[in-house]
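Please read the following note beside the sequence and the model.

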Amino acid sequence: MAVSWTRHRFSGGALALDTTNTVVLRGDVERSFDRFADPAEIARFAAAASGFRADELKGRALAAPDPHAIAGTVMAIRETTDRLMRRNVVDGVLDTADLPDFLNACADGLAGSRESLGAAAPFGSAPEPLAFEAALAVSALSLLSASTMSRLRICPNCNWLFVDRSRNGSRLWCDMAVCGNRQKAKRHYSRRKEEVANG
């Protein structure tokens, strides 16, 4: 079944985190599922990301013309990024044991790419679309900056990774309109239930 790639699905703050979040309810053995179980979704995700991540990509379009061919590379970048960044959030440090697999996956994403990347154009400036796996690798590598890693968070509602770009670094939810409201509704329901039980 095709996924509706809405703005909420791009609430990670970076293309690489949005991609790690394509595993829904990660860590919940009974309810977790993979949005990329059908590799065709990779192409649809890349097309949506071109719009939802336009600021990060500096307007560069993404392309995944053969999603089945790149699925292994995309999954490797996705999973190694999630492992590295999630441990960073939980432990407060970067585990170098996770770096070789992460860097190798990113290298595979960039293999064959002939882009010129720079500070003004971190995803290149060629007029043609950028290969999704190359963009994913660049985005994942950009997460290694100390300023970004210090603002990585895990949403307590959906378990997604996101970058907290709030001024005071106190954001709790990946998306206040979705996860924040769900948690508020749960708390309200629990209070009402307790009030009824206590008469």
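1. Of the contacts (heavy atoms within 4.5 Å) in the protein between residues at least 6 apart in sequence, 63% join residues at least 24 apart. The model is predicted: local features need pLDDT of at least 70, side-chain atom pairs count only at pLDDT 80 or more, and totals for chains, interfaces and linings use all residues. Residues are numbered from 1 along each chain as its sequence is written, and side-chain values use heavy atoms, leaving out hydrogens and water.

2. The protein contains eight helices and six strands, which are DSSP runs (helices H or I, at least four residues; strands E, at least two) numbered from the N terminus. Buried residues (under 20% relative accessible area, 1.4 Å probe, protein chains only) account for 44% of the 199 residues.

3. Helix H4 (residues 67-91) and helix H5 (residues 99-110) have axes that come within 9 Å and cross at roughly 150°. These axes are lines fitted to C-alpha atoms over the stretch in contact, with angles from 0 to 180 degrees between N-to-C directions. Residues of H4 including Thr73, Ala76 and Ile77 meet residues of H5, among them Leu99, Phe102 and Ala105.

4. Serine 11 lies in the segment before helix H1 (15-20). Serine 11 counts as buried because its relative accessibility is 11%. Its side chain reaches the backbone oxygen of histidine 8 at 2.9 Å. Apart from neighbours within four places in sequence, serine 11 is in contact with residues including Asp18, Arg53 and Trp160.

Note on methods: Buried < 20%, exposed > 50% of the residue type's maximum accessible area, 1.4 Å probe, protein only. Polar contact = N/O pair within 3.5 Å; in protein donor to acceptor, adjacent residues only side chain to side chain.
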